[in-house]
Number of protein chains: 2
Amino acid sequence: MKKADDRRAVVLLSGGIDSATTLAIAKAEGYGLFALSFDYHQRHRRELESASMVASALGVFEHLVMTFDLREIGGSALTAGIEVPKQNKELKSNRETIPVTYVPARNTIFLSFALSWAEVLGAGDIFIGANAVDYSGYPDCRPEYLTAFEAMANLATKVSVEGRLRFAIRAPLLSMTKGEIIRKGADLGFDYSLTWSCYDPRPDGKPCGSCDSCLFRAKGFAEAGIKDPLA
Amino acid sequence: MKKADDRRAVVLLSGGIDSATTLAIAKAEGYGLFALSFDYHQRHRRELESASMVASALGVFEHLVMTFDLREIGGSALTAGIEVPKQNKELKSNRETIPVTYVPARNTIFLSFALSWAEVLGAGDIFIGANAVDYSGYPDCRPEYLTAFEAMANLATKVSVEGRLRFAIRAPLLSMTKGEIIRKGADLGFDYSLTWSCYDPRPDGKPCGSCDSCLFRAKGFAEAGIKDPLA
């Protein structure tokens with residue numbers, strides 16, 4: 001492990017476009033980077049290989065993968081025996097219902113581990129690639145949720161209660177469209193060929209091209225006017 | 001799995017006195033019980049055997065043990081290579097410092113998994129044996145922390161955002177002394193021989209008798225005027 005900068009950040013890293021761009025932004029801001037990924041037995045564990053490549057490419061000090069099995073809790077198309085929906089119709093950005101790919105309290109679980117690690121590392125900033133525009137169906141991606149988590153975090157921990165560190169939940173992509181996110185990452189020189197988006201890879205390992213995540217990816221590259229290196 | 005009552009509760013269960021008493025209280029209130037324990041590679045994993053016995057004795061519908069390795073995060077005498085302190089002197093209830101047995105953000109991690117499971121089960125009440133009197137050193141046992149977690153939880157989840165369920169974090173032991181807790185459990189007919197308290201068992205598997213947790217247990221039974229069935 002290399003020596004970290006004094007200003008440290010824990011960055012949640014799934015291996016998808018949003019978290020990778022978030023990591024690139026935190027790097028550009030000069031943080032010593034500690035990337036945190038989760039093997040929760042998600043259907044699309046292929047994304048963890050991408051997380052590892054992204055972490056390495058962006059020069060993190062440490063990449064920690066926590067492992068647990070959310071299939072035991074279930075309740076989501078990503079962890080239980082629920083089919084990932086495929087569509088050919090146009091994507092709706094302002095959804096009326098929360099998609100079945102929602103994983104109950106996932107970001108709360110992820111941010112809780114990030115908080116624990118951040119306390120040990122002395123890292124005041126926790127970055128998450130939450131986005132309330134182009135994937136607004138998830139309740140735990142909204143600004144009011146993130147604000148509430150931050151308030152809770154500062155009451156939860158020894159370092160905050162003792163006044164030695166104040167935690168900030170940073171979500172720099174919150175108000176960006178997928179196109180703006182990809183444009184931002186491209187401007188920072190990030191290589192999106194390292195990322196993975198598909199929720200339901202084909203048996204040959206290629207993206208399915210028709211799950212929500214594939215469709216948002218395609219829409220984002222189209223909006224950014226950039227060719228998807230994975231396409 | 002038996003059929004649960006309509007009114008369901010997820011109860012955090014470590015296998016110690018406080019969580020076992022909390023489970024007994026939730027049972028007395030008529031909830032369908034879902035007990036949640038964690039194998040986080042704690043030094044005192046012996047407590048998980050107790051959790052299993054307690055869950056069985058109190059007739060839970062399901063006992064789920066989530067497994068992950070908090071040694072990878074460290075920062076605590078219970079998970080890292082830090083010695084569990086032993087003392088012969090009198091215990092202080094109003095600590096000036098947070099003990100080294102504090103595990104960074106542990107209750108936040110535990111409550112997050114509880115929230116996830118509660119959402120899947122449709123359980124509005126999440127019970128935790130947090131206590132702010134006789135083990136007040138931990139920041140994530142204080143009422144202001146629990147209130148903040150509850151507020152966050154109701155912004156985090158699909159069922160709460162859709163208005164179908166409101167989560168309550170229930171901490172019935174919050175203001176009780178250890179003696180009052182044991183008296184309460186005894187009044188409910190709970191058998192404390194099933195519980196485990198010691199943080200640092202001896203090589204022969206017996207409680208050490210001198211860690212904080214052993215000392216609080218002894219103090220509690222003395223206050224309650226009951227003989228500890230494990231002593």
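**Notebook: strands, core and chain contact**

I began with the sheet of chain A, where strand S2 (residues 32–39) and strand S3 (residues 62–67) pair in the parallel sense over six bridges. I note at the outset that this is a predicted model. For one bridge of that pairing I looked up Asp39(A), and found that its partner in S3(A) is Thr67(A). I then followed the chain between the two strands: S2(A), helix H2 (residues 46–57) of chain A and S3(A) together make a right-handed β-α-β unit.

Next I turned to chain B and its strand S1. I counted how much of S1(B), residues 8–12, is covered, and four of its five residues are buried. On one side I found strand S2 (residues 32–39) of chain B, which pairs with S1(B) in the parallel sense over five bridges, with Leu36(B) in S2(B) as the bridge partner of Leu12(B).

Which residues touch the most other members of the largest nonpolar core? They are Val11(A) and Val11(B), in a core of 146 residues. Leaving aside neighbours within four places in sequence, I listed the contacts of Val11(B), and among them are Thr22(B), Leu23(B), Ala26(B), Leu33(B), Leu36(B) and Phe127(B). As background I wrote down that nonpolar side chains tend to be buried together in soluble globular proteins.

I then went to the contact between the chains, which takes 34 residues from chain B and 34 residues from chain A. On the side of chain B that touches chain A, the elements giving two or more residues are strand S3 (62–67), helix H3 (106–121), helix H4 (143–156) and helix H5 (158–161) of chain B. H3(B) supplies the largest share of that side, nine residues. Sorted by class, the side of chain B that touches chain A has 22 nonpolar, seven polar and five charged residues.

Last, I checked how the copies are related. Chain B is superposed on chain A by a rotation of 180 degrees with 0.0 Å of shift along its axis, at an RMSD of 0.0 Å, and the two copies are therefore related as by a two-fold rotation axis. In chain B, the C-alpha nearest the axis belongs to Phe68(B), at 2.7 Å from it. The same surface serves both copies, since 100% of the contact residues of chain B recur in chain A.

Methods. Residues numbered from 1 in each chain as written. Chains lettered and ligands numbered in written order. Predicted model: local features only at pLDDT ≥ 70, side-chain atom pairs only at ≥ 80, totals over all residues. Core = buried A, V, L, I, M, F, W, Y, C linked by C-beta atoms within 7 Å. Buried ≥ 20, exposed ≤ 12 C-beta atoms within 10 Å, placed from the backbone. Contact = placed C-beta atoms within 7 Å. Pairing = 2+ DSSP bridges. Nonpolar A, V, L, I, M, F, W, Y, C, P; charged D, E, K, R; others polar. Right-handed = clockwise from strand over helix to strand, strands pointing away. Least-squares fit on C-alpha atoms with pLDDT ≥ 70 in both.
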